[in-house]
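Subject: The structure, and what turned up in it

Hello,

Here is the structure I promised to pass on. Have a look at it first, and then read on for my notes.

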Amino acid sequence: MLEEKKIPFNWPYMTGKELYYIAEAHFNGRLAGDGPFTKRCHRWLEERTGCNKGLLTHSCTAALEMAALLLDIQPGDEIIMPSYTFVSTANAFVLRGGVPVFVDIREDSLNLDERLIESAITPRTRAIAPVHYAGVACEMDTIMIMAREHGLKVVEDAAQGVMSTYKGRPLGSIGDLGVYSFHETKNLISGEGGALLVNSPDMSLRAEIIREKGTDRSRFFRGEVDKYTWQEVGSSFLPGELIAAFLWAQLEEADRITKERLASWQRYHEFLEPLEAKGILRRPIVPGDCQHNAHMYYVLLAPEINRQEVLDSFKRNEIWSVFHYVPLHSSPAGKRYGRSHGDLDVTTRLSERLVRLPMWVGLTNEQQERVVEVLSEAVS
Ligand SMILES: *Cc1c(COP(=O)(O)O)cnc(C)c1O
């Protein structure tokens, strides 16, 4: 249970129906993957995003690994991505022998800087993997035009972007492929969990095969083939029904959960306006075409402020506030397997100044006031 005084960084929200649906799955006696709850979740993904095929996976990491298999990434193939991202964006491609090419991010949204992509393209480039940081969209129109001009595929890492849109289009539904995460720390959760959105109809059948151990089992169950056999390289990427049952309770409440998070986000944004006006920190910038999902509230501290002191001060006050990614290009594996494009100055500079504030459904007005109070004291 949550202790009175402490303010955790994240607190998983449950709608109250999770156990009820798990009991239903238990009662149905269908526990393996692709049962009734999985099908409901798939339909939700397809209806809400307009993707050609939505498929639940064990995690967003698994969905990214499926994407690398679907794109048939070969050793030496290059994939353009930000350095400022979670390891899975890179790892999934490196597992196939691919080479992440790290490109700098934009000052405003901290997303892949679309103006730098073209100069990073080489004859080995196969794909672009934009990451929608904090659920705020990358400049997708420019990215898609560039990808089409150069014959590249686009895999949107929308792990944080469920329920966000770009020019009215759901994140994850714009590139050839998109991935979602339902990890406990994300907006809609199933403990561990994720999804692959297949937007190109020509990849849908192969996606099903890769997800079912490389077999055409899904077609067999639909009565489209009279036996199922090994078709190509695949693995087991599908979650069991208990996970899907849990997730279904969350998807049903997706609009309300998003609305509540947005209200908390907006409160921080208002409370922190004076500190921004004093030049002590910068609040998140959401470009006009983007409707975000309040996945995260972060601040960028002014360069003269010592971030560690701010984090220590939060800790003393039992507030769990954290920084975020150590840029991949500066990590041991990033140096071994990836390549940097340019000096990545914005990535290095901003990642060292970023602090994420507690954000979860149920965070009270008073708790947010305390977070802002402790932050104000620490920086002044
Ligand atoms: C959370 C996250 C992932 C990984 O998600 P899992 O479901 O934990 O595998 C990948 N990319 C980004 C940008 C993330 O935030």
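In which helix does Phe 220 lie? Phe 220 belongs to helix H7, residues 217-221. Helices here are DSSP runs of H or I with at least four residues, strands are runs of E with at least two, and both are numbered from the N terminus.

Before the rest, a word on the source. This is a predicted model, in which local features need pLDDT of at least 70 and side-chain atom pairs count only at pLDDT 80 or more, while totals for chains, interfaces and linings use all residues. Residues are numbered from 1 along each chain as its sequence is written, and side-chain values use heavy atoms, with hydrogens and water left out.

**The surface patch**

Phe 220 is partly exposed, at a relative accessible area of 30%. For that scale, buried means under 20% relative accessible area, exposed means over 50%, and partly exposed is in between (1.4 Å probe, protein chains only). Together with Phe 221 and Tyr 228, Phe 220 makes a nonpolar surface patch of about 310 Å². Patches are built from residues with over 30% relative accessible area and no salt bridge, joining like charges within 9 Å and nonpolar side chains (Val, Leu, Ile, Met, Phe, Trp, Tyr) within 5 Å. The areas come from the Shrake-Rupley method with a 1.4 Å probe, and for residues only the protein chains shown count as cover.

**The ligand**

There are 14 residues around the ligand, and Cys 60, Thr 61, Gln 160, Ser 181 and Lys 186 come nearest; a residue is counted as near if one of its heavy atoms lies within 4 Å. The side chain of Ser 181 has an N or O atom 2.7 Å from a ligand oxygen, and for Tyr 325 the corresponding distance to a ligand oxygen is 3.5 Å. Asp 157 places a polar side-chain atom 2.9 Å from a nitrogen of the ligand. Taken alone the ligand exposes 380 Å², and the protein buries 93% of that.

**Inside the protein**

Why is helix H4 described as largely enclosed? Six of its eight residues (the helix spans 87-94) are buried, so the rest of the structure largely encloses H4. Those buried residues are Ser 88, Thr 89, Ala 90, Ala 92, Phe 93 and Val 94. They pack against helix H3 (60-70), strand S2 (78-82), S3, strand S5 (153-157) and helix H12 (332-337).

Glu 65 lies in H3 and is partly exposed at 24% relative accessibility. Leaving aside neighbours within four places in sequence, Glu 65 is in contact (heavy atoms within 4.5 Å) with Ala 92, Leu 95 and Phe 237.

Asp 113 sits in the loop between strand S3 (99-103) and strand S4 (125-128). Is Asp 113 buried or exposed? At 7% relative accessibility, Asp 113 counts as buried. Its side chain makes a polar contact of 2.9 Å with that of Arg 115.

**Salt bridges**

A salt bridge here is a side-chain nitrogen of Lys or Arg within 4 Å of a carboxyl oxygen of Asp or Glu. By this rule the count comes to 26 salt bridges.

- Lys 167 pairs with Asp 141, with the closest N and O atoms 2.6 Å apart. Lys 167 is in the loop between S6 and S7 and Asp 141 is in helix H5 (residues 140-150), so the pair ties together parts 26 residues apart in sequence. Lys 167 also has a positive phi of about 45° although it is not a glycine.
- Arg 206 and Glu 232 meet at 3.0 Å, N to O. Arg 206 is in helix H6 and Glu 232 in the loop between H7 and helix H8 (241-252).
- Arg 349 and Asp 345 meet at 3.4 Å, N to O. Being four residues apart in helix H13 (residues 345-351), they are separated by about one helical turn.

Best wishes

Methods. Polar contact = N/O pair within 3.5 Å; in protein donor to acceptor, adjacent residues only side chain to side chain.
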